[in-house]
Structures are given as C-alpha cells and as structure tokens.
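Let us walk through this structure one chain at a time. Then we turn to the place where the chains meet.

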Amino acid sequence: MSKRIELKSLDVYYKAFLAVEDVSMVIEPKAITAFIGPSGCGKSTLIRTLNRMHEVIPGARVEGQLLMDGEDVYGPDVDPVRVRRQVGMVFQRPNPFPTMSIKDNVLSGYKLNNSRMSKAEAEEITEKALVGANLWNEVKDRLEKPGSGLSGGQQQRLCIARAIAVEPDVILMDEPTSALDPISTAAIEDLAVELKEHFTVVIVTHNMQQASRISDMTAFFNIAGSGLPGKLIEYDKTEKVFSNPTEQQTEDYVSGRFG
Amino acid sequence: MTTQLNSSFRGTQDLPKWLSPSLLVGFFLASFGLQVLLASNSDSADINFIPVAIFGLLSFTLALYVISRVIEGVRKAKDRLVTIMVSTAFSLALIPLLSLAYTVVTKGVARFDAEFFTFSMRNVVGEGGGALHAIIGTIEITGIATLISVPIGIMAAIYLVEYGRGTVARLVTFFVDVMTGVPSIVAGLFAYALFVIFFGPGVRMGLGGAIALSLLMIPVVIRATEEMLKIVPNELREAAYALGVPKWLTVLKVVLPTSLAGIATGIMIAIARVIGETAPLLLIAGFTASMNYNPLNERMMTLPVFVYTSYANQGVDMQAYVDRAWAGALTLMLIVMVLNLVARLISKYFSPKG
C-alpha cells in the first residue's frame, strides 16, 4: 500500500512562532520525494507534521489541511497514534531499542503495542522486514543479539526494517544518512529506491547529490532570515529542479552559490 | 645524542620509578626511628604514631619536591606535590572507614554466633539471648516501607519526567526536595501522630515504623528514578511514538526497561539509607525483648533500636549487653553490604548491553 499525501496551505507553529508558512503540495505515491534546503528552513519540522510527530513537542500545532488519500490527518476524531501506525519514520541518528535483540527491534512495532502473534508469524515478519532492509544476510545468524552491537549503518537499516515491518503506507526519512559513512549511505540510498516500489517515501536531506540521485520529485525550502518562517520555494520533478529551476533562489542553492 | 637533545619534545630527565616509593618508606622509617630515640630519652615508652606520620609525610613531600624540581623541572614538581596532597586526602578519608569496619568486626564477632540468630531476648538477663526478634522486625518494617515507597516513588518520578509540566511539577519537585531534608525524628513523630488519630495515644506498631521509614525513602526513590529516566535518550521515545506506540506503553515498555538497572540500584541505596534509622522506630515501633511477627499489633524490635537499647540499658553482666550491641551493629552492617552487592549485581545484569 502507498498513499498520496496532499498538503493544502499548511502552516506549522511552535506556540506563537510560525515555523513553516503556507505549504501546498502533492506528494505522489510509489515515488521518492526529497525535501532540500538550508538548515532551519523547516524541512524537518514539515516532515514531522506528516505523521503528527511534531505534536510530541509541547506547543507545536498545525493550521491548514493535510490529506492522505483524501482523508484529513488532522480531523477532529483522528488519533495521532493511529496515524503513526500508517506513516513510519526513520530518524537522523540510528535509534534501535538498546534493551531489545535485533529480532525484537524489528518486531517492536507489534510487541510494544501488545499485539499477539504466533512464532511462525513473528519469524516471517522478521525475515521479510530484514530482507526488505537489505540486512538479513548480515544478521540472520545473530537475531537474538542486542541491536546496539551493530555498526551505525546496520543500525540505521535495522531502524528501517523496524519501520517497514508494520507495513505502513508512507515512510518518512529525516536525514537518514547524515550520521553514516559513504558505503552505508549508498546502502541506504539503494534501499530507498527499492522501498518506493511499495511505499510513498519522503526524505529530508542536506546532501543535494543524494536528492538528485534517488528522488523523483524535489521540494526546495528556504528561509528569508532568522526568525522568519520557512517557505516552499519550488516543487517539481527532480531533473527540472536541478537542471533548470524556475526560481533564482533554487538555482543559487542547487548550484552551490549559497546555503 | 645531540640530535635527540635538539628535539623540541624532549624535556628534562625523569626521576626513576622506584625513587618516590622508596623515599616514602625511608622517611617514615627515619621519622619512626627519631620518635623511638626521643621516647627513650624522655623515659616514656609510648610511641605516638600521629607525629610519626605527620613528620614522615612532611619531610617526604619536601624532599621529593626539591629533588623533582632540580631534576625534572617546575611543572613535574608541581604535579608530584599535588599528587601527594590528593593521595593524602584520600587516605585521611579512608582511615575512619577502615577503623569503623575494623572496630565493628572485632567487637561484633564475640557474639556473632548461632544463638544470636536463633533467640530473642525474652526472659534473658545477662549472658546469652539473641537478636532474631530485631532481625525479623527490621526485615518486616523495611520490607513494608519498600513496598510502600517504590511504587509511589517510581510513579511520581514518571509523572515528573514524562508528564509533569508547569506549576504542579515544580511544586512536586520542591516538596520532594523539602522531604529529602526532613529529619528522621520528625518522620517518626508524624507517623506517631498519624497513628494516634486512629488508635489513641501510646500506640506502638511495626506498620507505623514502616510508614515513617517510607516517608524518608520516597524522596530518595523519586530522585534516583528521576535521574535515571532523564538519561533515557529522547530518540528512543520518538522511535516508539513513530511506530504508533501510545505514550503510556512507551513509558512502560521502552523507558522503564532501559533505565531498570539504574532504578533498581537507586532503590537498593534507598533501602540501605533507611535500614539503619533508629529515632523514628524508637518512637513508633518501640522496643521489646519478645518475638513479634505481626507488624499490625504491638511493639516490634528492630536492629538499630536493639543496638541502642542493648547499649543504653545495660544489665548486671554489662559485657554481655555491650557484646550483643556490637553483634547487632555488625549484622546491620553486613545487611547493608549485601544490599549494595545486590544493587551492583542488578545493575550488571539488567543494564542494556551493546
């Protein structure tokens, strides 16, 4: 399953502070959409609104509409916990649960929610998710070992396995490779390309080569100055954004003239 | 040779490794010899070890500093001086501890026998008797206090770290700080006053002692748990939230297991802290020579109170009472040691591996 995400003049606030202003865009299913832009422009804030994770910070709120296959994510009777079960997330720093084995980490989406499953079912889900995250061959002999014993790149793929194990519709990745070496980064990038076969993938990145390598659509965000809200400057097909952008700001940023 | 000396990283020569310890031994022996000499001249056979230590240490420090300054230079001489000062401070801090352990063990072994652990003091005058009633009382009262304090303490800490915001949380934190400083006798008086309301004046009850101890324990448990919950990385909570795990399950299944080892250690330390309390138990649990297994009825002996009463109300065979007091003190110390050991084992086996 993968879903189309539609943002309609979305504003994100932290208390009274407007962090991201008036974003309207459509994120296509079965594609990779990259968010690029300088630090502080609100890319991470915006990606966190897609699964209502920004609400974890007290005082954070959203105005406007966010539709997932036409369903309002911020509707009055929507439970944020149920949204997050359908929209998985991978963070900047790998964060496997230190008290759990590799297998339990993969199954944590089920186990932490007290869902019961048979042993065979658990093994099937574990293998499928680890294969999907290109980690199965490296860890199949040590599934009962703690996840924190893996290398940084392996830990990040474990976190991706954990996210896809619950079979979400959308996968959000917030700078998933910024803490990793180039080889692990390449592994994660290959994985992202495979994931778009089944999921809607949104990735925040500071690495413009990465955005141009793997994404189908690219959204460029910018900020006019500190204290001012971040804005969506340009959103188009990746080739267009990187080779022939409409806006001068985008051109400056992707050609490395600022930011 | 000259090329080596020209290298800018090469400093002056180092003192040989054996010099400093042999100087130390030498100066202490010299200082001791001087004292023996002085003592033989002044007809007093006693040798006082305190001036020996002071004189030996001062002369050793001075000698090493001067030698080091001449051979090694100013910076290393300073380093040696400070090393001596820090080591001396450490030794000074250790002396009372070792002396205490030594005294309690040597005086406690006299009555550290089977009878001590199998008999109460009922109908015992003079020799014999034991502290079984006090050991049982201590275990029951401290156990009940732990049962009361641990759930309250852990849940209060969870509230403070995971849920509490604004004025209420600040107030709770403030009162926890105040409670940490409540004198134990006040806790005893409070428990007594509380039980007088229900059972009338002159009430004595083991449960009252447990209440008084839990008043002292709760703030310690809250503080320890709070610190442990705070060091659980926020990324783990976010990881759980992002998987669609509700907050209460995140706390229960991610935050608590991650900090379990630290919390268990904190609880053990809190128990060790209150198990030796005397004053509140004297007030509300009272003292008795008889066995009492029922914390809801009548007086109950505890080890610290046993030590106190054995020493304070000595009978005809004075030495028997004093010996029992020391044996009680030794038992209490061993219990605290075992608790600390258990805490270390828990933190070793439960802490996240990786």
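Buried residues account for 49% of the 259 residues in chain A. Keep in mind that this is a predicted model. Chain A is built from 11 helices and 10 strands. Its radius of gyration is 18 Å, close to the 18 Å that the globule rule gives for 259 residues, so chain A is as compact as a globular protein of that length. Along the principal axes, the C-alpha atoms of chain A fill a box of roughly 55 × 45 × 30 Å. Now look at the contacts within chain A. Of those with a separation of 6 or more, 69% join residues 24 or more positions apart.

Chain B comes next. Where they touch, 5 residues of domain 1 of chain B meet 6 residues of domain 2 of chain B. The domain 1 side of that contact has 3 nonpolar, 1 polar and 1 charged residues.

Finally, take the two chains together. Their contact draws 25 residues from chain A and 20 residues from chain B. On the chain B side, the elements that give two or more residues are α10 (234-242) and α11 (247-275). The largest share of that side, 7 residues, comes from α10(B). By class, the side of chain B that touches chain A has 12 nonpolar, 5 charged and 3 polar residues.

Terms used: Residues numbered from 1 in each chain as written. Chains lettered and ligands numbered in written order. Predicted model: local features only at pLDDT ≥ 70, side-chain atom pairs only at ≥ 80, totals over all residues. Contact = placed C-beta atoms within 7 Å. Helix = DSSP H or I, 4+ residues; strand = E, 2+ residues; numbered from the N terminus. Nonpolar A, V, L, I, M, F, W, Y, C, P; charged D, E, K, R; others polar. Rg over C-alpha atoms; globule rule 2.2 N^0.38 Å. Buried ≥ 20, exposed ≤ 12 C-beta atoms within 10 Å, placed from the backbone.
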